[in-house]
Amino acid sequence: MAAQTNNTDYTGNHIPGAEKMYHEAPTANSNAHTNGMNRQMTHEEHQTALAASRFGYGPLAHVNTGNSGRLPAFGGEFQPGLYKNVSERKFANPAPLGLSAFALTTFVLSLINMSTRNIAEPNLVVGLAFGYGGLVQLLAGMWEMAVGNTFGATALSSYGGFWLSFAIILTPGGFNIEETYIEEQGIESFYDAFGLFLMGWFIFTTILLIVTLRSTVAFFVLFFTLDLAFLLLGISYLQRDASGGVNAPVHKAGGFFGLLAAFAAWYNALAGIADDSNRELRKEKSDRATV
């Protein structure tokens with residue numbers, strides 16, 4: 001049954017207008033609720049809502065929810081920990097460029113390492129390693145230094161140097177590094193040296209992996225899969241098969257993890273490239289956040 005309103009005084013006489021007063025008089029709770037609904041967002045709440053609209057609340061979310069002025073770890077900026085907001089910097093974000101250069105070069109080499117379509121020789125990668133994975137990634141690392149990102153500068157510059165050194169080693173008829181090993185000590189000697197070369201990069205990547213333990217999942221997966229790729233590829237050259245050749249199953253496994261690392265790098269690059277200036281969906285979210 002519906003609740004009846006009491007429209008009489010203590011004598012039982014009807015009070016004129018009491019019903020109207022009952023329905024129009026707001027309660028304290030209703031006033032507070034109404035004020036809360038009509039209250040405009042503060043500047044800080046508005047900025048947080050806009051930041052949340054960059055990629056929602058998924059794995060690519062990049063939201064500063066505190067008052068410290070520092071942003072959480074973000075693969076798109078190649079930042080494994082809390083860092084200062086760099087929205088007002090004069091330089092663009094160099095991380096997506098370096099990540100993309102690393103991803104494409106690693107993608108092609110990993111497919112060759114997996115003997116995709118029976119391709120066995122990595123000669124095609126030499127051009128990519130010199131131009132894109134090497135030079136462009138090295139430049140991106142230097143620009144990371146300019147924006148004050150020590151981790152990004154160390155990682156991107158180092159892997160740019162890796163691709164340049166990789167290209168120098170495998171350049172056919174250029175530096176004659178592989179040919180010299182084969183002529184003087186045999187192919188086994190080159191395999192041993194190249195395996196140690198890869199194991200050194202495995203150790204370096206492990207150091208970077210430790211730094212990313214408290215970062216985002218996508219950021220950690222990038223270095224975890226890359227670390228396994230270096231480890232397995234190094235083992236494939238050091239622990240050869242019965243015929244003295246590269247251990248094919250282990251080599252293909254290394255290529256597989258390298259392929260995963262390439263896609264993880266592209267994923268983090270997307271997080272850095274995409275923002276509310278180049279995606280219509282985000283603009284709609286930002287507009288709704290101001291309502």
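This report covers the helices, helix packing and selected residues of a predicted model.

## Basis of the model

The model is predicted: local features need pLDDT of at least 70, side-chain atom pairs count only at pLDDT 80 or more, and totals for chains, interfaces and linings use all residues. Residues are numbered from 1 along each chain as its sequence is written, and side-chain values use heavy atoms, with hydrogens and water left out.

## Overall layout

The protein chain holds 11 helices and 2 strands. Helices (H or I, at least four residues) and strands (E, at least two) are DSSP runs, numbered from the N terminus. Along the sequence the pattern is α-α-α-β-β-α-α-α-α-α-α-α-α.

Of the 291 residues in the protein chain, 41% are buried. Buried means under 20% relative accessible area, exposed means over 50%, and partly exposed lies in between (1.4 Å probe, protein chains only). Contact means heavy atoms within 4.5 Å. Among contacts with a separation of 6 or more, 62% join residues 24 or more positions apart.

## Helix α5

Helix α5 covers residues 123-146, which is 24 residues. At 1.5 Å a residue, α5 should span 34 Å, and its end C-alpha atoms are 34 Å apart, which agrees. The expected span is 1.5 Å times one less than the number of residues in the helix. A kink of about 50° is centred on A129. The bend at a residue is the angle between axes fitted to the seven residues ending there and the seven starting there.

A129 is also one of the buried residues of α5. Others on that list include V125, V126, G133, G134 and V136. The list also includes Q137, A140, G141 and E144. The cover over these buried residues includes α4 (95-113) and α6 (150-170). Just after α5, G148 takes a positive phi of about 90°.

## Positive phi at two asparagines

Most residues other than glycine have a negative phi. N118 has a positive phi of about 65° although it is not a glycine. N118 is found in the loop between α4 and α5. Its relative accessible area is 74%, so N118 is exposed.

N176 also has a positive phi, of about 55°, and is not a glycine. The place of N176 is the loop between α6 and α7 (177-185). At 36% relative accessibility, N176 counts as partly exposed.

Buried residues of α8 include F190, Y191, F194, W201, F202 and F204. S189, G195, L198, T205, L208 and L209 are also buried. What covers the buried residues of α8 includes α6, α7 and α9.

α8 (residues 187-211) and α9 (residues 217-238) pack at about 160°, with their axes 8 Å apart. Axes are lines fitted to C-alpha atoms, for helices over the stretch in contact, and angles run from 0 to 180 degrees between N-to-C directions. The two helices are therefore roughly antiparallel to each other. Angles under 35 degrees count as roughly parallel, over 145 as roughly antiparallel, 65 to 115 as roughly perpendicular, and the rest as oblique. α8 passes α9 in a left-handed crossing. A crossing is left-handed if the near helix is turned anticlockwise from the far one by less than a right angle, and right-handed if clockwise.

## Helices α6 and α9

The axes of α6 and α9 cross at roughly 30° and come within 15 Å. These helices are therefore roughly parallel to each other. Their crossing is left-handed. On the α6 side, F151, A155, Y159 and F162 meet F219, F223, L226 and F230 in α9.

## Two buried residues

A153 lies in helix α6. Its relative accessible area is 5%, so A153 is buried. Leaving aside neighbours within four places in sequence, A153 is in contact with G141, E144, M145 and S158. Of these, G141 and E144 are among the buried residues of α5.

T225 is placed in helix α9. At 5% relative accessibility, T225 counts as buried. With neighbours within four places in sequence left aside, T225 is in contact with F257, L260 and A261.
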